[in-house]
Amino acid sequence: MIKVENLIKTYKLGKDLFYALDDVSLTVDDGELVAICGTSGAGKSTLLNILGCLDKADSGKYYLDDVDVFSLKDSKTAKLRNKKIGFVLQDFSLINQKKVDFNVMLPMYFDNTPGKQMKIKADKALKAVGLEDQKNKKANQLSGGQRQRVAIARAIVNDPSVVLADEPTGALDSKTSQSIMELFKELNKKGITVIIVTHDKEIASYCNRQIEIKDGKIIFDSKK
Amino acid sequence: MKSIKLIIGFLAKSKSAAVILVFSYTLVLLIANITFASVRYITYTRDVFVEYNSPNTFYCALDYDPGEIMESDKADPIDEKLTYIENNAGKYSAYQPFLKEQNFVAVYDGTQISCEIYDKEMVQRYPLALSEGSWEELKIESDDSVFTAVSSGAQFDGVKLGSVVSVGVNKGGKALSDIKVKIVGKLAAPYSVPHFSVSGSIVTADYMFGNLDGLIFLKSDELINKINAQSSYAITTSGNFITTILPDATEKEQEEYITFLKNNFSVKSYDEIKLKSDEKVDREVRQRIPIPVFLLTIVSFALLSMSVLFVNKNIRDHAVYYMCGCSRKRSCAIVSGGVMFLGAVGGIINILFVSFYSKLSAQGILNLNNVLFDSVSILYTGLILLITVGTSVALGLIVFRKNTPIEIYRRVE
Ligand SMILES: Nc1ncnc2c1ncn2[C@@H]1O[C@H](COP(=O)(O)OP(=O)(O)O)[C@@H](O)[C@H]1O
Ligand SMILES: [Mg+2]
């Protein structure tokens with residue numbers, strides 16, 4: 001379960017403080033499929049980065065499965081990202097000149113999974129996204145849709161409880177976008193919590209719950 | 001293992017740059033090492049000459065016609081000439097024995113070695129440091145045809161002190177090995193011994209020494225006969241030698257004797273040799289050291305800027321690693337590992353080279369004549385390595401840490 005309370009995140013803009021997140025509180029239960037919507041610059045990515053333990057808020061609290069995330073050291077936070085969270089970004093964020101299976105195995109380079117196990121798990125994840133026959137290609141030899149599938153395979157390879165996606169379909173055509181969204185729905189059916197940031201209403205409609213952010217504040221939550 | 005793969009990934013970003021950098025750093029370190037070793041050798045021979053000789057030492061060179069020597073049917077014509085002149089020199093009251101240097105090529109354990117034959121006085125004059133054994137054990141007489149010798153060079157590293165080995169002289173392309181030798185001492189590095197092969201209008205101390213991979217014997221008729229029995233032209237006597245004049249002799253007696261020497265030889269005095277050696281050391285330091293220092297500075301800066309380049313090229317990857325659960329510490333370790341590798345390869349190759357030089361030289365694989373490699377050379381290399389690689393790693397990490405992953409993440413996005 002994800003629970004954040006009174007998150008504030010500011011950036012310095014010259015002498016002034018800019019509130020990227022202004023008192024955000026939110027609870028996401030296990031197994032939810034959530035869309036975070038809003039215009040560009042609303043603070044969606046800022047929120048997602050904090051939920052993904054990539055960044056910390058200036059103030060407020062974040063509990064991930066009852067663990068107080070902001071109180072953890074760098075190495076513990078890294079472990080949390082490694083074990084519980086999978087990321088999917090708009091530009092796929094793959095190591096382009098490396099092979100597909102290296103990219104999928106990447107999270108296991110930072111834990112103690114033995115080499116043989118790494119291969120087995122990567123194969124399983126690639127199968128789940130329908131790319132088992134592409135694993136020996138280099139990432140930059142694939143199409144956009146395929147790359148995003150690789151990114152999803154990497155996100156799920158360590159069996160995370162949460163998958164966070166920041167504009168995952170932003171660089172894809174609408175047909176490919178639909179198939180990627182179907183994939184997220186499938187993951188969600190398997191019990192993974194999925195949070196998708198998007199500014200596209202159609203994409204948001206795939207999700208069971210929609211949250212809208214504006215100027216760093218939550219202005220709408222379909223669950224409430 | 002996983003980290004090593006990621007470090008290789010770090011370097012693979014710019015394979016050709018990495019290869020060129022590693023290669024040039026290795027090469028420049030090697031050039032620097034060899035230049036330093038050669039300048040240190042010049043300094044070393046000057047110091048040894050000055051330490052063991054006194055102002056009444058003279059280096060004399062016999063003027064002979066090489067053609068006449070070649071055509072001579074005598075076994076060792078130079079030795080005969082020197083002996084003849086020395087017999088006449090004995091009439092002067094300032095006379096002291098000539099310290100001659102004779103050598104022969106032999107075969108030991110299938111490899112060619114050099115052997116020096118000295119008079120007892122030579123060994124007393126130059127009591128060079130031994131790593132094992134003692135000069136006292138080096139005897140003129142054989143013990144039931146077993147000669148004693150002090151070894152020099154890595155060839156005899158595996159031979160226990162006191163054990164007896166067989167060496168032989170080449171005879172018609174066949175190596176005999178019926179000279180039995182008991183090793184009673186081992187020379188310490190550098191394996192440089194009195195060797196008078198060079199003379200000239202200017203004489204410096206380094207002319208009077210040479211690298212020896214082989215054995216040192218004391219001269220005896222028995223030994224000479226034994227060698228000559230195997231091959232009658234085996235022994236080469238140098239036409240150059242050192243001698244002293246008796247300090248107790250009167251000034252007039254000394255002058256008379258010096259005149260005698262000058263009539264028979266080209267003579268250089270201790271003061272002259274010392275002066276020319278000092279000049280040579282100065283010149284070598286001034287002329288030869290700046291180039292490798294300059295090159296070292298250049299490649300060190302290249303290493304430095306390349307490190308920054310490599311780090312910059314890898315920052316995006318590390319943002320992805322961060323996302324996948326790589327801690328900041330781990331990232332820093334991978335980056336440092338990659339940068340360190342760039343310099344460490346050259347350093348390790350050089351340290352290995354310096355450490356194994358004596359072995360290579362003993363095997364005849366590589367002989368750079370007149371170089372001094374020892375633990376100080378290894379220390380220098382290590383120090384240079386530590387400074388350049390240390391700075392690169394530090395700089396790399398500063399650049400790396402300035403970019404927090406979350407900012408990179410935004411850029412990636
Ligand atoms: N590192 C930063 N420095 C300054 N301003 C930032 C930084 N990161 C984000 N912002 C600002 O915070 C606001 C929210 O950004 P973001 O969360 O990326 O918006 P979006 O909803 O488009 O994902 C934007 O106005 C952005 O300019
Ligand atoms: Mg955004």
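A: We may begin with Asp23(A), which lies in strand S2 of chain A. Please keep in mind throughout that this is a predicted model.

Q: What is the phi of Asp23(A)?

A: The general idea comes first: most residues other than glycine have a negative phi, and most peptide bonds are trans. In this structure, Asp23(A) has a positive phi near 60° although the residue is not glycine.

Q: Which residues does a cis peptide bond join?

A: The bond lies between Ala189(B) and Pro190(B), with omega at about -5°. Pro190(B) is placed in the loop between strand S9 (179–187) and strand S10 (192–194) of chain B.

Q: Let us return to chain A. In what order do the four strands of the open sheet stand?

A: Strands of a sheet pair through backbone hydrogen bonds, either parallel or antiparallel. Here the order is S2-S1-S4-S5 in chain A, and the pairing is antiparallel. The edges of this sheet are strand S2 (16–28) and strand S5 (67–68) of chain A, each of which pairs on one side only.

Q: How many bridges join strand S4 of chain A to S5(A)?

A: Two bridges join strand S4 (residues 59–64) of chain A to S5(A), and these strands run antiparallel. As an example of residues facing each other, Tyr63(A) stands opposite Asp68(A) in S5(A).

Q: Do strands S3 and S9 of chain A run parallel or antiparallel?

A: Strand S3 (residues 33–37) and strand S9 (residues 209–214) of chain A run parallel and are joined by four bridges. Within S9(A), Ile211(A) is the bridge partner of Ile36(A).

Q: In which sense does S9(A) pair with strand S10 of chain A?

A: S9(A) pairs with strand S10 (residues 217–221) of chain A in the antiparallel sense, over four bridges. In this pair, Glu212(A) stands opposite Phe220(A) in S10(A). S9(A) and S10(A) form a hairpin with two residues between them. In the turn, Asp215(A) has a positive phi of about 50°.

Q: How many salt bridges and how many residue pairs in polar contact are found across the interface of chain A and chain B?

A: The rule finds two salt bridges across this interface. In one of them, the side chains of Asp91(A) and Arg316(B) meet at 4.0 Å, N to O.

Q: Finally, which domains does the assignment give for chain B?

A: The assignment gives domain 1 (2–43 + 287–412) and domain 2 (57–244). Taken over C-alpha atoms, the centres of these two domains of chain B are 45 Å apart. Their contact takes nine residues from domain 1 and twelve residues from domain 2.

Q: How much area is buried between domain 1 and domain 2 of chain B?

A: The buried area is about 940 Å², and carbon and sulfur atoms give 49% of it. In domain 1 of chain B, Tyr41(B), Ser358(B) and Ala362(B) lose the most area to domain 2, together 44% of what that side buries.

Q: What is the count of salt bridges between these two domains of chain B?

A: The count is one salt bridge. The side chains of Lys359(B) and Asp157(B) meet in a salt bridge at 2.8 Å, N to O.

Definitions and conventions:
Residues are numbered from 1 along each chain as its sequence is written. Chains are lettered from A and ligands numbered from 1 in the order in which they are written. This is a predicted model: local features need pLDDT of at least 70, side-chain atom pairs count only at pLDDT 80 or more; totals for chains, interfaces and linings use all residues. Side-chain values use heavy atoms; hydrogens and water are left out. Two strands pair if DSSP finds at least two bridges between them. Domain bounds come from an automatic or database domain assignment. Contact means heavy atoms within 4.5 Å. Buried area is the accessible area (1.4 Å probe) that two parts lose on being put together, summed over both.
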